[in-house]
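Here is a short report on one protein chain. Please keep the sequence and the model side by side while reading.

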Amino acid sequence: MERQGDGGLIMEKLVKYIDENEVEYSTSLIKEKDIPDIEKRIGIKIGPCLKEYLIKYGYLIFSSIELYGITGHQGLDSDMIKQTEYLHKYYPKTIDLIALENQGEGDYYLVNKKDHVFEYDSELDEMKDVGIGLEDYILQRFKDVE
């Protein structure tokens, strides 16, 4: 997936990091043509960075960090979709967001259609803008466990 105008990947820093480190990702990937069905299922448009993440990697695991994703094998039954649907059903504040990570004890990280990351504490029912985009969030998480 290319960014208009510069011919480069949208998440160049993340791609470089994954290439240089032992980051696990899926070998069973979805295609760009699958994105509209996913968006229809969860009721949210997928941002360009998240779309690239899903098409290129499916999901990401590095050390103790496990980020949700969608694989070609699991399709609409993938963790990202199931967790997003769960959050939407029980926590209305998450309705415009897609589940990215569960850090335990009701602490979720979610992404919106503009690839901005939010932290949601389900026990306190509080939402907080993390202040960074998807690529920077992933890189920060991975660098925290190096």
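Ser122 touches Tyr91, Gly106 and Tyr108, leaving aside residues up to four places away in sequence. The model is a predicted one. Ser122 sits in the loop between S6 and S7. Is Ser122 buried or exposed? Its relative accessibility is 13%, so Ser122 counts as buried, the cut-off being under 20%.

**Two loop residues with positive phi**

The loop between strand S6 (116–121) and strand S7 (126–133) also holds Asp125. Asp125 has a positive phi of about 55°, although it is not a glycine. Most residues other than glycine have a negative phi. Asp125 is partly exposed, with a relative accessible area of 33%.

Glu105 is another such case. Its phi is near 50°, a positive value in a residue other than glycine. Where does Glu105 lie? Its place is the loop between strand S4 (98–102) and strand S5 (107–111). Glu105 is exposed, with a relative accessible area of 73%.

**Helices H1 and H5**

Two packed helices are described by the angle between their axes and the distance between the axes. Take helix H1 (residues 12–20) and helix H5 (residues 134–144). Their axes come within 9 Å and cross at roughly 30°. Angles under 35 degrees count as roughly parallel, and H1 and H5 are therefore roughly parallel to each other. The crossing of H1 and H5 is left-handed.

Which residues make this contact? From H1 come Glu12, Lys13, Leu14 and Tyr17. From H5 come Glu135, Asp136, Ile138, Leu139, Phe142 and Lys143. The residues of the contact of H1 with H5 divide into five nonpolar, no polar and five charged.

The side chains of Lys13 and Asp136 meet at 3.0 Å, N to O. Lys13 lies in helix H1 and Asp136 in helix H5, so the pair ties together parts that are 123 residues apart in sequence. Lys13 has 47% relative accessibility and counts as partly exposed. Asp136 has 34% and also counts as partly exposed.

Lys143 belongs to helix H5. Lys143 and Tyr17 are 126 residues apart in sequence, yet 9.7 Å apart in space, C-alpha to C-alpha. Lys143 is partly exposed, with a relative accessible area of 47%.

**Helices H2 and H4**

The axes of H2 and H4 come within 10 Å and cross at roughly 25°. That makes H2 roughly parallel to H4. Their crossing is right-handed. H2 contributes Ile38, Arg41 and Ile42 to the contact. H4 contributes Ile81, Thr84, Glu85 and His88. By class, the contact of H2 with H4 has three nonpolar, two polar and two charged residues.

Arg41 pairs with Glu85, the closest N and O atoms being 2.6 Å apart. The pair links distant parts of the chain. Arg41 is in helix H2 (residues 35–42) and Glu85 in helix H4 (residues 79–90), 44 residues apart. Arg41 counts as partly exposed at 36%. Glu85 counts as partly exposed at 27%.

**Salt bridges side by side**

How many salt bridges does a search of the whole structure find? It finds eight. Among them is the pair of Glu39 with Lys45. At 15% relative accessibility, Glu39 counts as buried. The table sets this pair beside the two described above.

| Lys13 | Asp136 | 3.0 Å |

**In brief**

H1 and H5 cross in a left-handed way, whereas the crossing of H2 and H4 is right-handed. The H1 and H5 contact includes Lys13 and Asp136, and these two form a salt bridge.

Note on methods: Residues are numbered from 1 along each chain as its sequence is written. This is a predicted model: local features need pLDDT of at least 70, side-chain atom pairs count only at pLDDT 80 or more; totals for chains, interfaces and linings use all residues. Side-chain values use heavy atoms; hydrogens and water are left out. Axes are lines fitted to C-alpha atoms, for helices over the stretch in contact, and angles run from 0 to 180 degrees between N-to-C directions. Helices (H or I, at least four residues) and strands (E, at least two) are DSSP runs, numbered from the N terminus. Angles under 35 degrees count as roughly parallel, over 145 as roughly antiparallel, 65 to 115 as roughly perpendicular and the rest as oblique. A crossing is left-handed if the near helix is turned anticlockwise from the far one by less than a right angle, and right-handed if clockwise. Contact means heavy atoms within 4.5 Å. Ala, Val, Leu, Ile, Met, Phe, Trp, Tyr, Cys and Pro count as nonpolar, Asp, Glu, Lys and Arg as charged, and the others, Gly among them, as polar. A salt bridge is a side-chain nitrogen of Lys or Arg within 4 Å of a carboxyl oxygen of Asp or Glu. Buried means under 20% relative accessible area, exposed over 50%, partly exposed in between (1.4 Å probe, protein chains only).
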